[in-house]
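Welcome! Have a go at each task before you read its solution.

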Amino acid sequence: MDAREKSRSTILKSSKDKRVPIFVMMPVDTFAVDASGSPRIRKIKALTVSLKALKLAGVHGIGVEVCWGIVERFSPFDYNWSLYEELFKLISDSGLKLHVALSFHSNIHSSNGKGGVSLPLWILEIGDANKDIYYRDRHGFSNNDYLTLGVDEVPLLSGRTALQCYEDFMLSFVNKFESYIGSVIEEISIGLGPSGELRYPAHPFGDGRWKFPGIGEFQCYDKYMMEDLKLAACREGKPQWGNRGPQNAGCYNSLPSGVPFFEEGQESFRSDYGRFFLEWYSGRLICHADAILAKAAKILKKYQENEQTSVTLVAKIGGIYWWYQTVSHPAELTAGYYNTALRDGYDPVLSVLSRHGAALHIPCLEMMDSETPPTFLCSPEGLLKQIQSVSKKRIINLIGRNTTERLDRTGLWKIHSNCYHSQAEVVRSFTYFRMNESIFRVENWNNFVPFVRMMSTDL
């Protein structure tokens, strides 16, 4: 065990006796675009009051998404941090800490019409001329929520690759907010895909293509990923496998039953072709995470080596819990997690996190199998248990979050029991998604405040 692993092992062991700090994520409509096209903070007075109330309730900090589409909005290398300088000062002056999520995705489709932030405008201009910079499905449909990992190393973005854009953004952020890192900013999450999660946009709920509990669709049809698939197939000695993804995998809203690729058979996920495709599809996603986290870890190394400025690097995965109790786990496969009843798909992902010293942001801590529709063979608890087990094996710190808004006692107490689960490591912190007016309603506030104080009390 190397020095870093020993250090993390000690952290995990000591966490058994410690409280779980609560961060509350900022509202999705925190920012609005004014008449000039520039973003601004909405309702600053109301936000200030809310921050003070959360501090009095015992909340430790605030989660803030730092959006690429705000900071480098108008042109390459033109970073404008003024909005976040104002917001960070407001939060710091309220006595609260920060979990910062560097966000390289758009939340237009997930904001339900409540504002939302696109990718940078100069990126959208490039995308208007070349839609292959975004993920595409087999019908050729793309959305501009996140750049395809196919352009990670292709210099299409005003002479830069996507990885160079992400790295330059991270460097600019660290240079601007160096004085906050380790003192106010305690956790830095690096966006790795849609909603900041390491996954493909296989379940696009914002544009009407997908509805729960559809299995989703593979997202590999932009020309850059298809070129990579062709190369992989040639290396395998099966060039015919590189022409397209699985043609018998249903559509967004299919259920697994009757979809040949997700059942038994000669052309299923268990066939030679099926294994080849899924290893390539999931492997490209893992390489994407590896490349970005390597850059982030290098940038943050000097802060992590200094006890006075220690900051936690964080990566986020999705909680794809429907159809988890089937053999094929189809919704996870389309999202890029090669996880089935026969194969652990999360261990390769967490191995990358472990290598870069990153904590894992795990979902579903409020969810119970008994509250999900039995027809859809869901198991958020099974998914959580699997991820916790792999995290323990890989000596990875865990940061918890909820997937659905829960402010009732049952949901909040489920979060508490998962954070302090007897068979798993105590989570390092918990991020509540999200701050909104419903938290402050009397009946919910009377549940939320005792929950925060219970989580914030040393065991």
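A residue is called buried when its relative accessible area is under 20%, exposed when it is over 50%, and partly exposed in between, using a 1.4 Å probe and protein chains only. This is a predicted model, in which local features need pLDDT of at least 70 and side-chain atom pairs count only at pLDDT 80 or more, while totals for chains, interfaces and linings use all residues. Residues are numbered from 1 along each chain as its sequence is written, and side-chain values use heavy atoms, with hydrogens and water left out.

**Exercise 1. The whole protein**

Task: Find how many helices and strands the protein has, and decide how its radius of gyration relates to the globule rule.

Solution: 
- Step 1. Helices (H or I, at least four residues) and strands (E, at least two) are DSSP runs, numbered from the N terminus. The protein has 13 helices and 13 strands.
- Step 2. The radius of gyration is taken over C-alpha atoms, and the globule rule is 2.2 Å times the number of residues to the power 0.38. For 459 residues the rule gives 23 Å, and the protein has 21 Å, which is close, so the protein is as compact as a globular protein of that length.
- Step 3. Look along the principal axes: the C-alpha trace spans about 60 × 50 × 45 Å.
- Step 4. Of the 459 residues, 59% are buried.

**Exercise 2. Contacts, surface and charge**

Solution: 
- Step 1. Contact means heavy atoms within 4.5 Å.
- Step 2. Accessible areas come from the Shrake-Rupley method with a 1.4 Å probe, and for residues only the protein chains shown count as cover. The protein exposes about 18,700 Å², and 50% of this comes from carbon and sulfur atoms.
- Step 3. Lys and Arg count as positive and Asp and Glu as negative, leaving out His and the chain ends; each charge is placed at NZ of Lys, CZ of Arg, CG of Asp or CD of Glu. There are 52 positive and 51 negative charges, and their mean positions lie 3 Å apart.

**Exercise 3. Inside the core**

Task: Which residues have the most contacts inside the largest nonpolar core?

Solution: 
- Step 1. A nonpolar core is a set of buried Ala, Val, Leu, Ile, Met, Phe, Trp, Tyr and Cys residues joined through side-chain atoms within 4.5 Å.
- Step 2. The largest core holds 145 residues, and V66, Y84, F88, F173, I185 and F448 have the most contacts inside it. Helix α8 (residues 272-304) gives this core its largest share, 16 residues.
- Step 3. Now zoom in on I185. Beyond four places in sequence, I185 touches F88, L98, V100, F173, F177, Y180 and V311.

**Exercise 4. Two residues in their surroundings**

Task: Is A315 buried or exposed, and which residues does N248 touch beyond four places in sequence?

Solution: 
- Step 1. A315 is in strand β10 (residues 312-317). Its relative accessibility is 2%, so A315 is buried.
- Step 2. Outside four places in sequence, A315 contacts L192, L293, L353, A359, L360 and H361.
- Step 3. N248 lies in the loop between α7 and α8 and, at 17% relative accessibility, counts as buried.
- Step 4. Setting aside residues up to four places away, N248 touches V259, P260, F261 and E267.
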